[in-house]
Amino acid sequence: MTKILIPIETASGERRVSATPSAVKKLKCLGCEVFVESSAGELSGFNDTLYKESGGEIVSKSNINIWENADVVFCVQPPSESNLSKLKKGAILLGLLNPYANEKLQKTITSKKISALSMELLPRISRAQSSDVLSSQANIAGYKAVLLAASELDRYFPMLMTAAGTVQPAKVVVLGGGVAGLQAVATAKRLGAIVFVSDIRPAVKEQVESLGARFIELPEIDEKPGESGGYAKAVTPEFLSKQKATLTKYLSEADVAVCTAQVLGKKAPVLIDSNMIEKMRPGAVVIDLAVSQGGNCEGTKSNETIIRNGVKLIGAGELPSSVPYDASTLYAKNLTSLITPFIKDGVINLDKEDELISGCLLSNEGVILQNKVFEN
């Protein structure tokens, strides 16, 4: 019978949990044993009693035996090296492993002969939608980014007709029309703002306009950027320069900029530089969701608010964790959706020929299968 461990997340500021009581109940119905470290779901709104009622066994975080005996470990972020070192040969680690150029993770999974499934690498195909962690968490990030901007802005979002006069609606510029960007658009529109969107992919225009936003037409160049595997491709310096020139005009009139542009495994493109910030009005707010990858806005820092020329630059790379109940619920469904087809009579047997598994399988019993990820 497969033993699955749901540990406490130890990364600083992380409030999500990798499996909710509902997910535990589903895994139990499949015949698995599920062990939950005490208080693992406390910050997400799921106490130990709820896990017990769902069939989970609560274990102390000081119980090293559970790590040594676990067949599968669910996680939101990689567990500590000391805990990973306790895992037995062939144990499966499943979660957001941040594998790019992560030499430390590579050494650990190699030396301990761990099989690692990194959800960042899940193929962006139709069959993978129910397991798409990046999309489920980006959706939350886009929503919360606009609420954060609204709370920090020095004016209203909607147009208001008052006895004292008319308040004009705020202008919001969203950089990137992926999942986070589109959710930011929808949320800003619901709050009554005028929204403009910039994206390197012309195909995004129709989606943007269907939400009531205005698409910023970028300059024509010989080689148009596009996407690969559902992600935007990196652009040339020539295109980036022309894009900045176009964006400067819109940003100079904006109250809020929400930065969501990221390229999988690469440093985020800097779309707002210091010269562009100088042209923004004092009191404007920039929310940078790409800060953990270097940032779309020059000078942003993770979990910090920096004021430059009166403009608030907010590095918001951990917004899904600020909505831990729903973020955990969606995340847990993503993980269970991926793994349940490979559980039969309580035993997990990964089909390494399956395109979803092969796509995100970093290592098989310590043998690195995707060296390019670690070399990136």
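Analyst: Let's start with the second largest cavity, whose lining divides into four nonpolar, no polar and two charged residues. Here Ala, Val, Leu, Ile, Met, Phe, Trp, Tyr, Cys and Pro count as nonpolar, Asp, Glu, Lys and Arg as charged, and the others, Gly among them, as polar. This is a predicted model, in which local features need pLDDT of at least 70 and side-chain atom pairs count only at pLDDT 80 or more, while totals for chains, interfaces and linings use all residues. Residues are numbered from 1 along each chain as its sequence is written, and side-chain values use heavy atoms, with hydrogens and water left out.

The residues around that second largest cavity are Lys171, Val173, Phe196, Tyr250, Glu253 and Ala254, and its volume is about 30 Å³. What makes it a cavity? On a 1 Å grid over the protein atoms alone, a cavity is a set of points where a 1.4 Å probe fits but cannot get out, whereas a pocket is an open set with protein on both sides within 12 Å along at least five of seven lines; lining residues have an atom within 4 Å of a point. Points are joined across faces, edges and corners, and the volume is the space filled by probe spheres set on them.

Counting cavities of 30 Å³ or more gives two. The largest cavity holds about 60 Å³, and its lining has six nonpolar, four polar and one charged residues. Among the residues there are Pro7, Ile8, Glu9, Trp67 and Asn83.

Now for an open space. The second largest pocket has a volume of about 220 Å³. Of its 16 lining residues, Gly90, Ile92, Ser115, Ile348 and Lys352 lie nearest the centre. Strand E19 (347-348) and strand E20 (361-364) each give two or more residues to this lining; such strands (E, at least two residues) and helices (H or I, at least four) are DSSP runs numbered from the N terminus. By class, the pocket lining has six nonpolar, five polar and five charged residues.

Next, a few single residues. Ser131 sits in the loop between strand E6 (115-118) and helix H6 (133-152). It has a relative accessible area of 1%, so it is buried: buried means under 20%, exposed over 50%, and partly exposed in between, with a 1.4 Å probe and protein chains only. Beyond four places in sequence, Ser131 is in contact with Met119, Leu122, Asn334, Ser337 and Leu338, where contact means heavy atoms within 4.5 Å.

Ser328, in helix H11 (residues 324-339), is buried too, at 0% relative accessibility. Leaving out residues up to four places away, it touches Arg16, Val17, Thr20, Ser44 and Phe46. Thr20 is 308 residues away along the chain, yet the two C-alpha atoms are separated by 6.8 Å. Glu220, by contrast, is exposed at 59%, in the loop between strand E11 (214-215) and strand E12 (227-228).

Last, a helix pair. H6 and helix H7 (residues 179-190) pack at about 35° with axes 7 Å apart; axes are lines fitted to C-alpha atoms over the stretch in contact, and angles run from 0 to 180 degrees between N-to-C directions. Residues including Ser135, Ala138 and Tyr143 in H6 meet residues including Val179, Gln183 and Thr187 in H7. By class, that contact has eight nonpolar, five polar and no charged residues.
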